[in-house]
Amino acid sequence: MGFTRRDLLTFTGGSAAGLMFTPVPWSLLRDTAVLSENWPGVPQPLHGEIRTRYSTCTLCPAGCGVRARCVGDRPVSLAGVSGHPASRGVLCPTGLVGHHLAFCRDRAAEPLANGRPVAIERALAGVSAAIAACGARESVAILDPRPGRAASLVYRRFLAGLPSGVHCAPPNAEPYGAFGIDLENTRAILSFGAPVLDGWLSPGRVLANRSHFQLIQVEPAYSRTASLADLWVPVLPGSEDGFAAAVARALEGETSDTHATEVARILLRNKPAIAVGGGAAVATLNAKLGSVGRPGGFLPRRDFTPVTGIASVPDRSIGVLLIEETAGGEPLPWDLLRRKLIPQDSVVVALTPWLDGCARHADYVIPAPMYLESLDEAPTPAGSTVAGFSLSPALLTAPPKLTPPAEFVLRLAHDSATYPDILKQRVAAIKKDGRGTVFTYPDAKSARVRDIPDLWKAMLGGAVWLDEPLHSGTVRGADLQVCAGPPGPALPPTPEYPLLLIAADNPPPHGSPLMSKLYRESGLRRPANAATVHPKTGRDQGLEDGARAIVTSPSGKFPVQVIFDAAVMPGAIEVVGQAISPASIRRA
Amino acid sequence: MTAITPKPARYGMAIDLDRCTGCGACMIACAVENNVPPARPEATPRTGITWMRVYQISNGASFPDTRAAFIPILCQQCGKDTPCAAVCPQEAVETDPATGIVDQMPQRCLGCRYCMAACPYHARYFNWWDPQWPAGMEKTLNPDVATRMRGVVEKCNFCHGRLHTARARAAAGGRRELHPGEYVPACVEACPAAAIVFGDLDDPASEVARLARDGQSFRLLEKLGTEPKIYYRTARPWVRQAAAQQRPASEPPERRLRAGLPAPQGSGQKEPAHA
């Protein structure tokens, strides 16, 4: 019996079919999958020595301690520093991905003059010439987002040498002025729109004390803070001051409305209590509560230097405006800034890591290092009852052509000192005073300033200096300012603008691409172009859920996508980051 | 050289929904730790990858009686008849008997997505695209976690890289037991409200075991009998009822309202005081 061609084909075909019923093909597939796991196009993490380095976050005024896990010198993840007096071991979502900011697309990479790249020397010469050309009536102003830093001292010194220099701050840069909040001893917080549980002061400190205080949120929108408050009092937009006055009356036993009476009862039952956010009526309420200068309330600290608010600078008075924008800072109100400039004859210089924001309106853009790219400083943490200071050492290598804002101003002033020199002087002054304690991040221990031989070295390794507390009393000439809360009474709706525009959330800060992705996919943050309305309000305006529409207010119009949400106050339109105003909405 | 066998444990979580502020720090920390790439512009909530996703849920009532809560959803680490493991033709899903952790091995995954269809919690994600990071950002990837390629499924594994690191550290010290707190996933470490407690459910002395036994604790879709190891806690009855729905909806709120979530308990605005 011979072996024919047909037998060969039958055997081959039968073997192939039989093989399909064995684990072999599946193992082959699995092995192929293993091989393809390291496809050349798939980025692979770098490997190297794992080290821990420390810094301080400068993305907001909270001044949180940062522990960076690094491969070699490069941070791969950030976390809080356990026991840190301000942050209590916590970083906010933006801080957790602070090391990604340097890789954002819209960052400024080289100096620009009227949109064209120039050498830093030419930019410097141009700005110097513009400052020299300013007459006595034209002021030179520096907008300082964080007054109280060593950099602020550089700005003040430079401006003092000019005929008309103005050191000013954006609205709400110093929400509590010379006071901090003794949160550890507060038993009740009456908040007028302040985002107490959503990024207020140092989030770690607030949340660590959350179980110790009752929280009453007075706000028209059902915000994240409102959803977690012990009591949410929904009020009409713009009526917060009226409600504060009603609570003040109820505190004195006068008859008031039901909500105000209940709030007053809670405040009296949980003393010491404070009121935050809002306007003048809230300051009066704090006086009634006896919360100023007492434990559990607003306590003064030593380091406050008053600074002019940009709103109080006369309109059309600034000839040259230098704007420092920090990474992660709140967007600056360009409409307000523009009103302060001399029309057609002013020069705007943006000292910024970003190409958007004020850089879009600037004659000169001086690119600043991004967070963690250069040695920086964190002044007293927001709301702290004691003065503080820490360094923020660089963890990333900065690209060339970047100039720290303080360094640029030093060069304008023909000062040979560098920004690190100024920081060294600040640390030396703390050491000389010998007051207070230093908390060092690596060992989470506190020591007296005078017991630390090399304070500069300790601070470069990760540390925060804290002044001695004043405990009580007042600071001469420094009245209690109140936090930026809701604006004053809104204009009433009119037939033309039958609805009220209110802010839903703060606009998202610059952040890692990861943040925008995760928030978009989870739906935790509303898109900037979303207008959320109550379903009944929407239908009354002839809209459907998901429709495209135009919102019009006295200050302009903008396109939105409508979202129906029964949680929104009827008659209101919630839009991210919008000021309270009468408005209308119609289908696009 | 003597190998040190780790002491068996059954790791689990207790998440306090009354503490969760919905800040999303857990999602961010998870994505950084596990090298989850930024989304492509065309990605949607269904096609994006988020091992841990925080949803906002509502009681469905209208203003001013509306109430909301935040609920982080991650792989529930089913302890019995794990649905995804049962359907995987590639044995790419495995429950580690030493830890109870349900692990996904992307190296074995063929991308059939049976596991995604089987998962009652929708906590598995498919790589629709090759992972990409903005130029330079790939240098910030965690060296302890491999990136995954297009065409495979991935999910939460309680930060397995951290478990290995902790074990290596313990073994270097001659220990076979991990100290409490020596191994915690990134989300637990990052939560600013300390809403997530992690530990060994089989250790009666552990905080997570105590919380799991607490009367306020419940598990998602308990009726399926998959014995998840993620416990949620709340004192608010409506949150418990809303969380029992098939999946906390990420749909527009009015549709959530139409879904017929329970009415609020009482008409007062007072929520239970924070513990």
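This note walks through the main features of a predicted model.

1. Domains. Chain A is divided into five parts: domain 1 (5-36), domain 2 (50-98), domain 3 (112-170 + 308-428), domain 4 (183-296) and domain 5 (499-587). Note that domain 3 is made of two segments, 112-170 and 308-428. Between domain 2 and domain 5 of chain A, the C-alpha centres lie 33 Å apart.

2. The eight-stranded sheet. In chain A, 8 strands make an open sheet. Their order is E5-E4-E17-E16-E15-E6-E7-E14, and the pairing is mixed. At the edges stand strand E5 (116-117) and strand E14 (308-309) of chain A, each pairing on one side only. Helix H5 (residues 150-160) of chain A packs on this sheet. H5(A) touches strand E6 (139-143) and strand E7 (165-169) of chain A. The direction of H5(A) makes about 155 degrees with that of E7(A).

3. Strand E15 (residues 318-324) and strand E16 (residues 347-352) of chain A are parallel, with 5 bridges between them. Within this pair, Glu324(A) stands opposite Leu351(A) of E16(A).

4. A buried helix. Helix H12 (residues 405-412) of chain A has 6 of its 8 residues buried, so the rest of the structure largely encloses it. The buried ones are Pro405(A), Ala406(A), Glu407(A), Phe408(A), Val409(A) and Leu410(A). Check Glu407(A) by eye: this residue is on the buried list too. The cover over the buried residues of H12(A) includes H5, E15, E16, strand E17 (364-367) and helix H13 (419-433) of chain A. Just after H12(A) comes His414(A), with a positive phi of about 55 degrees.

5. A buried strand. In strand E12 (residues 273-277) of chain A, 5 of the 5 residues are buried, so this strand is largely enclosed by the rest of the structure. E12(A) runs parallel to strand E9 (residues 188-192) of chain A, and 5 bridges join them. Ala188(A) stands opposite Ala273(A) in E12(A).

6. A two-faced strand. Strand E25 (residues 548-553) of chain A has alternating side chains. Ala549(A), Val551(A) and Ser553(A) point to one face and are buried.

7. Partners of E25(A). A hairpin through 2 residues links E25(A) to E26(A). These two strands run antiparallel, joined by 6 bridges. Here Ser553(A) stands opposite Gly556(A) in E26(A). E25(A) is also antiparallel to strand E28 (residues 581-587) of chain A, over 4 bridges. Val551(A) has Ile585(A) as its bridge partner in E28(A).

8. The contact between chains. On chain A, 66 residues are in contact with 63 residues of chain B. Elements giving two or more residues to the chain A side include helix H2 (24-36), strand E3 (74-80), helix H15 (513-522) and strand E26 (556-564). H15(A) gives the most, with 8 residues. By class, this side of chain A has 40 nonpolar, 14 polar and 12 charged residues.

9. The core. The largest nonpolar core has 246 residues. Val247(A), Val349(A), Cys26(B) and Ile28(B) touch the most other members. Helix H1 (residues 25-33) of chain B gives the most to this core, with 8 residues. Leaving out residues up to four places away in sequence, Ile28(B) touches Pro93(A), Leu96(A), Val97(A), Leu514(A), Met515(A) and Leu518(A).

Conventions:
Residues numbered from 1 in each chain as written. Chains lettered and ligands numbered in written order. Predicted model: local features only at pLDDT ≥ 70, side-chain atom pairs only at ≥ 80, totals over all residues. Pairing = 2+ DSSP bridges. Contact = placed C-beta atoms within 7 Å. Axes fitted to C-alpha atoms, helices over the stretch in contact; angles between N-to-C directions. Buried ≥ 20, exposed ≤ 12 C-beta atoms within 10 Å, placed from the backbone. Domains from an automatic or database assignment. Nonpolar A, V, L, I, M, F, W, Y, C, P; charged D, E, K, R; others polar. Core = buried A, V, L, I, M, F, W, Y, C linked by C-beta atoms within 7 Å.
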